[in-house]
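Trainee: Could we go through this model together? I have the sequence and the coordinates open, and I would like to start with the ligand site before moving on to the rest.

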Amino acid sequence: MRQSSLVVVANRLPLDDNAAPDGACEWRRSPGGLASALHSILRQAPATWVGWAGGMGPAPRLPDIGSLRLRPVPLTAEEQRGYYEGFANATLWPLYHDAVQQPVFQREWWDTYRAVNQRFAETAAEVADRHAAVWVQDYHLQLVPQMLREMRPDLLIGFFMHVPFPPPELFMQLPRRVELVHGMLGADLVGFQREQAAHNLAQLAKKLLGAETTAGAITVGGRTVRTGAFPVSIDVAEMRALATRPDVRSRARQLRRDLGESKRILLSVDRLDYTKGIEHRLTAYSELLRDGHLKVRDTVLVQVAVPSRERVESYRDLRDRIEGEVGRINGEFGRVGETAIHYLNQPFDRSQLAALYQTADVMVVTPLRDGMNLVAKEFVAAREDDSGTLVLSEFAGAAAELEQAFLVNPHDLDGLKQTLLRALSADPADKQARMRAMRRHLAEHDIMAWARAYLTALDHTGRLARRMLH
Ligand code: ADP
Ligand code: F6P
């Protein structure tokens, strides 16, 4: 068994198995923020990525990506239901996103969640070299840090939460709250997107485990765990390189011609998830058409909504509602040759996304709650000429950094409508100044800066960051 001095443990591997039109199996980069972020830094790293390859049954054999080894963890159909669809995505996901959808507490899911976390921890322990660093990711694997510490006390263990971590009032609803907090505190460093989340964990550790806390540190059972905020980002250089590629530019020009040269294009790109505020956005757009503030002859909305977690009931219901609403809006406001909404329920590769980002006049990113939202950052990075405007929800982690966006509360429909109109009619000089400031921020806060900040905090000597990031 080959071992690594850096092991990343995440629910998903960066590849999704996908049936090609001829029925053959193809591996494609998985959509979703975590895979996008980590894939960029790890594709050349001397590391092992432990994760699920999607699908059920025995783990497939996967090729290395450069010097990155992939170590798949198999899940049975029952484990996929109890651990992934159940506890992770029907209990924790809605609760961590302000309970915008009612969390489901089903007792039998817990045992599966714990058993699968144990399998991830055992696999990581197997592939980690002596004194290696193991970096555990996200809410699916909250028990792994403590499990790993018990098996391998020699390891340096990091944990990073990509999604929001809720205030105690919400977290306290969880029947297994003590075990979950205890599990995370097995790490040496627990990182979040926002400082408030670290504060929430400290309060919970105090309340549930009698921990002592100071700014950035939680002491419990004689061990001190450090905490902090490390806002995740994107591979700015990759997106800029894509955005300047001649074929991408020409694809963007073609898209604009197809959508209508003189039209103002609103664009949204989301996983089809109830946290993304797609329904609120459609309502706002439809009301603007009804009130006559927007006309299909000069404005069009492109909504990309990549299918996600389709075996979870609330996601299937959401898809039905959204598709019904898109149909209604197109039926009511569309004209022959003039569609109100282009709805694309498909995955795209990175160059297609880059072309789409370049086509938009206004990018509309309005989640009800989001840990970060990398789509907003990708859009900014793709606008080499400082054109285009970003409408961004105050409830996305990205709003704390992209302050020059047109910030909006997506629950406030009138506010959302007004903000869309403001963004559409903003003065070109104002738009350009905003975009330039956001691009400047991103240039300094890219995915490398995120990884460097986290890994240096995990290992103060700086050796880990140097080895990983060249
Ligand atoms: P989340 O992690 O909740 O999915 P993010 O906005 O942080 O949200 O990340 C979404 C990621 O998925 C981005 O990197 C984006 O480019 C990618 N993505 C979104 N839609 C698609 C799509 N239709 N095809 C491929 N990738 C997509
Ligand atoms: O952090 C958000 C997240 O759960 C990530 O783990 C992943 O990138 C994304 O959402 C996509 O979700 P899933 O892996 O369930 O398709």
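Trainee: Which domains does the shell around ligand 2 draw its residues from?

Mentor: Keep in mind that this is a predicted model. With that said, the shell takes at least three residues from domain 1 (4-232 + 447-468) and at least three from domain 2 (237-444).

Trainee: And how many residues surround ligand 2, and which are the closest?

Mentor: There are 13 residues around ligand 2, and the closest of them are Arg 12, Gly 32, Gly 33, Leu 34 and His 162.

Trainee: Which helix and which strand each supply at least two residues of that shell?

Mentor: The strand is S1, spanning 4-12, and the helix is H1, spanning 33-42. H1 provides the largest share of the shell around ligand 2, with 3 residues.

Trainee: How do the residues of that shell divide into nonpolar, polar and charged?

Mentor: For the shell around ligand 2 the division is 3 nonpolar, 6 polar and 4 charged residues.

Trainee: Let's go back to the domains. How far apart are the C-alpha centres of domain 1 and domain 2?

Mentor: The C-alpha centres of the two domains are 29 Å apart. The contact between them takes 21 residues from domain 1 and 19 residues from domain 2.

Trainee: Zooming out, how many helices and strands does the protein have?

Mentor: The protein has 17 helices and 17 strands. Its radius of gyration is 22 Å, close to the 23 Å that the globule rule gives for 470 residues, so the protein is as compact as a globular protein of that length. Taken along the principal axes, its C-alpha atoms fill a box of roughly 65 × 45 × 45 Å.

Trainee: What share of the residues count as buried?

Mentor: Of the 470 residues, 49% count as buried. As for contacts with a separation of 6 or more, 71% of them are between residues 24 or more positions apart.

Trainee: What about confidence: what is the mean pLDDT?

Mentor: The mean pLDDT of the protein is 94, and 97% of its residues reach 70 or more, while the model scores ipTM 0.97 and pTM 0.96.

Trainee: Now some single residues. Is Arg 434 buried or exposed?

Mentor: Arg 434, which is found in helix H15 (residues 428-444), has 22 other C-beta atoms within 10 Å. The cut-off for buried is 20 or more, so Arg 434 is buried.

Trainee: Which residues does Arg 434 touch, not counting those up to four places away in sequence?

Mentor: Arg 434 touches Thr 389 and Gln 404. The C-alpha atoms of Arg 434 and Leu 390 are separated by 9.0 Å, although these two residues are 44 residues apart along the chain.

Trainee: I also see Ala 426. Where is it found?

Mentor: Ala 426 is found in the loop between helix H14 (413-424) and H15, and with 16 C-beta neighbours inside 10 Å it counts as partly exposed. Leaving aside neighbours within four places in sequence, Ala 426 is in contact with Thr 389 and Lys 431.

Trainee: Changing topic to the backbone, what is the phi of Ala 99?

Mentor: Ala 99 has a positive phi of about 50° although it is not a glycine. As background, most residues other than glycine have a negative phi. The place of Ala 99 is in the loop between H2 and helix H3 (107-127), and Ala 99 is partly exposed, with 13 other C-beta atoms within 10 Å.

Trainee: And Asn 373, what is its phi near?

Mentor: The phi of Asn 373 is near 90°, a positive value in a residue other than glycine. Asn 373 is found in the loop between strand S15 (362-365) and helix H13 (374-381), and it counts as buried, with 25 C-beta neighbours inside 10 Å.

Definitions and conventions:
Residues numbered from 1 in each chain as written. Chains lettered and ligands numbered in written order. Predicted model: local features only at pLDDT ≥ 70, side-chain atom pairs only at ≥ 80, totals over all residues. Near = placed C-beta within 6 Å. Helix = DSSP H or I, 4+ residues; strand = E, 2+ residues; numbered from the N terminus. Nonpolar A, V, L, I, M, F, W, Y, C, P; charged D, E, K, R; others polar. Domains from an automatic or database assignment. Rg over C-alpha atoms; globule rule 2.2 N^0.38 Å. Buried ≥ 20, exposed ≤ 12 C-beta atoms within 10 Å, placed from the backbone. Contact = placed C-beta atoms within 7 Å. pLDDT = per-residue confidence, 0-100.
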